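Me: I've got a structure open and I'd like to learn how to read its strands and helices. Can you walk me through it?

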Amino acid sequence: MSTAPLRLVTEQDRDVQIAATIAVPTIESEAQLKALLTSLSGVDAVGAEARVAKLSTRSIKKSTKLAAIEMAISMVDLTTLEGADTPGRVTSLCTKAMRPDPRDLTVPSVAAVCVYPDLVAHARSVLGSSPVAVASVATSFPSGRASLKVKLMDVRDAVSAGADEVDMVIDRGAFLSGRIGQVFDEIVAVKEACGDAHLKVILETGELVTYDNVRRASWIAMLGGADFIKTSTGKITVNATLPVALVMLEAVRDFAETAGPTVGVKVAGGIRTSKDAIRYLVLVNETVGSTWLTPHLFRFGASSLLNDLLMQRLKQQRGAYVRADEFSVD
Amino acid sequence: MSDRRLANSQLGSLEYDPAPESASIAKLKPSYGLFIDGKFSDAEADARFASVNPANEESLTSVAQASALDVDRAVVSARRAYDKVWSKTTGAQRSKYLFRIARLIQERSRELAVVETLDNGKPIRESRDVDIPLAAAHFFYYAGWADKLDHAGFGVNPKPLGVAGQIIPWNFPLLMAAWKLAPALAAGNTCVLKPAETTPLSALVLAEILEQAELPPGVVNIITGDGSTGAALVEHPDVDKIAFTGSTEVGRMIQQRTAATHKHLTLELGGKGANIVFEDAPVDEMIEGIIDGIFFNQGHVCCAGSRLLVQESVADEVLRRLVRRVEQLRVGDPLDKNTDVGAINSAAQLLRIRELTAFGESEGATRYTSSCELPQKGYWFAPTVFADVSQSHRIAREEIFGPVLSVLTFRTPEEAVAKANNTNYGLACGVWSEKGSRTLWVAERLRAGVIWANTYNRFDPTSPFGGMRESGFGREGGRHGLEAYLNV
């Protein structure tokens, strides 16, 4: 068996992955969208959970572990979404994002810093020309309970302040009451308001509850133009879980194979340890493959995860655990 | 077209460093004797044979070849233990021993998993997560029955049969020993167990566990040997019951030899399980289920879903996804914790798989074989799928007992049932559909002992398992499993 270590996938590799065979279907009516969603295969909950449990027993050791940890660091959206956020806190987070371990500049920077819209301009100014992107939640995050007009203003506000990525929430109320056309139209409108900014669509899977709903919501988001589909806001009790991530990964894979574009997946909320992160990477590897093993297409929305990744990285290098206080608390 | 290699999919391209479990955990001794009357002794003729690791063809240890004389010693010991000790114990006392055995299996589970993987060739992930925990679960389950036999539905105070001769196969060595021993002991019988010639080691570790559990001498005797040892056990006049799991061919011989004797008989034989996929099946889980159905334990499973019956409307889609998934299976060192498919158990079995797959090609089926690299030494066969298979092909009718799947199509539920039942076997089937009423309609009409709905190859000690027609008779597991060891 080969022992080549895990590596980041280059743009060149990605080009040969999946051939777009059919263009994204244009959705012209709610009935058409409904028909498309009902044509999707159902998810057997027991089977999906069993699959995830089996993949969680993969044993990731030595150079693979080190490479996976570094890959995970590069995929983190370092997040602060509190009422108590201040420019000072955001500055400290941005500094950490650019140089996660100040003693070792070989540690990659994280993918993005994720903040509320009013702190986007500040984050942008701290990050300057670094490769770290600014992501902003918008559309009346986290509940999404506002008129479309307000939601779009929220998005434009964030984008004009310099957000590279927008994390929107879907209208779960509309989805659960069957008004999927409304959910779709909102995503389309937000995508338009984003302009060049990348759009991540938060499904809030903890409120959708069933895997069938997760699969359908994933397709609505992708058809609506999402660049990423994202599990959760992190603001409710049930956040990202491995089976939900599995269903979403299957959705992006099937979408890429039948409709064209490759859509990314972001798992958010409750991912705190390197072990968790590596389990997600194994899931990505064995469900959608190497194409998605890049920050362009897979992200972790997290805050405390980063320090654990740094700690485990050092442990792999030194062979012994280091104190938690070796890493900054931001 | 005959050996169309799979296109290289990008799945699983993140490569994992080897994560091998240490072989030294097995703590194997240089040689093992026969476990008779509570202690290990040499065979009368002092004949021995080597147990080989099928993953590298290296000899693991030497075991004794029991002759008819040794079989007689074992049966005499079992009879004595039955008359003097075991038939006089209360259910609660038997239960105590069974609980002890179950806990000791758990305590030594890591060692047992490594022994099983070394001797059998199955991936450590399966021996660790399936074989050993299920073996312990069987002892726990029947420990609970030992003092409740009055309530098992066979009347008040049902009596044991006496001395049970038990012959088990090489595909799940320890688990099959547990399936045989646990209900027999709970019901009050004493046992002579003969593990398969190519996989005797975990049963010998189990013998050490029985000693540790202080099971009275002679209640369980474990004798190793080849087919001649099994034949001597079947023909021994003082055996009251024969329980056999293995090939239909040998099962037929045993039934002939026990005909017109006082011996009770249960047989768990071969199969050619049909996994029936309707167009509304949950597709991703169904693909995993097909994979589990045929590549679990390298397909060395009597109830393997070796025939895939797919509704024609989704056949291309299912085959495309299936082939992609097969390519992703990690084949190699069974001790590596990330291995999905291990080694074929023996050179003889590998030869049989090669012969039958050659028929598949010459009969015109389309072959897809994983492009995985196979190790140089040892017995290996790459996971293989045959498409465009017809009912009349040999690969659709004969049990291959290897990692080879035959894919056939159907148009209506009636046709699916007719094709699934069109076999001499009748052990297990799977039905995949999101429509419950259809699943039940199909399940009612399938002639097989076990039907799985939206899953495959799931086992539990509370659930009866067994076949119909050439797959044998009698049930193991559950309350039904007690019947095979009670005089009812």
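Predicted model: local features only at pLDDT ≥ 70, side-chain atom pairs only at ≥ 80, totals over all residues.

Me: What holds paired strands to each other in general, and which strand does β15 (residues 384-387) of chain B join?

Reply: Strands of a sheet pair through backbone hydrogen bonds, and they can run parallel or antiparallel. Here β15 of chain B is joined to β16(B) by three bridges, and the two run parallel. Thr384(B) is the residue opposite Val404(B) in β16(B).

Me: How many residues of strand β16 (residues 404-410) of chain B are buried?

Reply: Seven of the seven, so β16 of chain B is largely enclosed by the rest of the structure.

Me: And which way do the side chains of β16(B) point?

Reply: In a regular strand, side chains alternate between the two faces of the sheet. On β16(B), Val404(B), Ser406(B), Leu408(B) and Phe410(B) point one way, while Leu405(B), Val407(B) and Thr409(B) point the other way; all are buried.

Me: Where would I find an open sheet in chain B, and what is its strand order?

Reply: Look for three strands in the order β2-β6-β5 of chain B, with mixed pairing. The edge strands there are β2 (31-32) and β5 (48-53) of chain B, each of which pairs on one side only. For an antiparallel example, take β5(B) and strand β6 (residues 58-64) of chain B, which pair over six bridges. Val52(B) sits opposite Ser59(B) in β6(B).

Me: Now chain A. What do its eight strands close into?

Reply: A barrel, in the order β1-β2-β3-β4-β5-β6-β7-β8 of chain A, with parallel pairing. From one strand to the next, the twist averages 25°.

Me: Which strands pair with β8(A)?

Reply: Strand β1 (residues 76-79) of chain A pairs with β8(A) in the parallel sense over three bridges, and strand β7 (residues 264-268) of chain A pairs with β8(A) in the parallel sense over four bridges.

Me: Is strand β8 (residues 298-302) of chain A mostly covered or uncovered?

Reply: Mostly covered: five of its five residues are buried. Phe298(A), Phe300(A) and Ala302(A) point one way from β8(A), with Arg299(A) and Gly301(A) pointing the other way.

Me: What about β3 and β4 of chain A?

Reply: Strand β3 (residues 133-137) of chain A and strand β4 (residues 165-169) of chain A pair in the parallel sense over three bridges. Val137(A) is opposite Asp167(A) in β4(A). There's a helix to spot here too: α6 (residues 120-127) of chain A lies across β2 (112-115) and β3 of chain A, running at about 170° to β3(A).

Me: How do I describe two packed helices, and what is the case for α3 of chain A and α9 of chain B?

Reply: Two packed helices are described by the angle between their axes and the distance between the axes. For helix α3 (residues 45-55) of chain A and helix α9 (residues 283-295) of chain B, the axes come within 9 Å and cross at roughly 60°. That makes α3(A) oblique to α9(B), and their crossing is left-handed.

Me: Which residues of α3(A) and α9(B) meet?

Reply: Gly47(A), Ala48(A) and Arg51(A) from α3(A) meet Glu285(B), Glu288(B) and Gly289(B) from α9(B). The residues of this contact divide into one nonpolar, two polar and three charged.

Notes. Residues numbered from 1 in each chain as written. Chains lettered and ligands numbered in written order. Axes fitted to C-alpha atoms, helices over the stretch in contact; angles between N-to-C directions. Parallel < 35°, antiparallel > 145°, perpendicular 65-115°, else oblique. Left-handed = near helix turned anticlockwise from the far one by under 90°. Contact = placed C-beta atoms within 7 Å. Nonpolar A, V, L, I, M, F, W, Y, C, P; charged D, E, K, R; others polar. Buried ≥ 20, exposed ≤ 12 C-beta atoms within 10 Å, placed from the backbone. Pairing = 2+ DSSP bridges.
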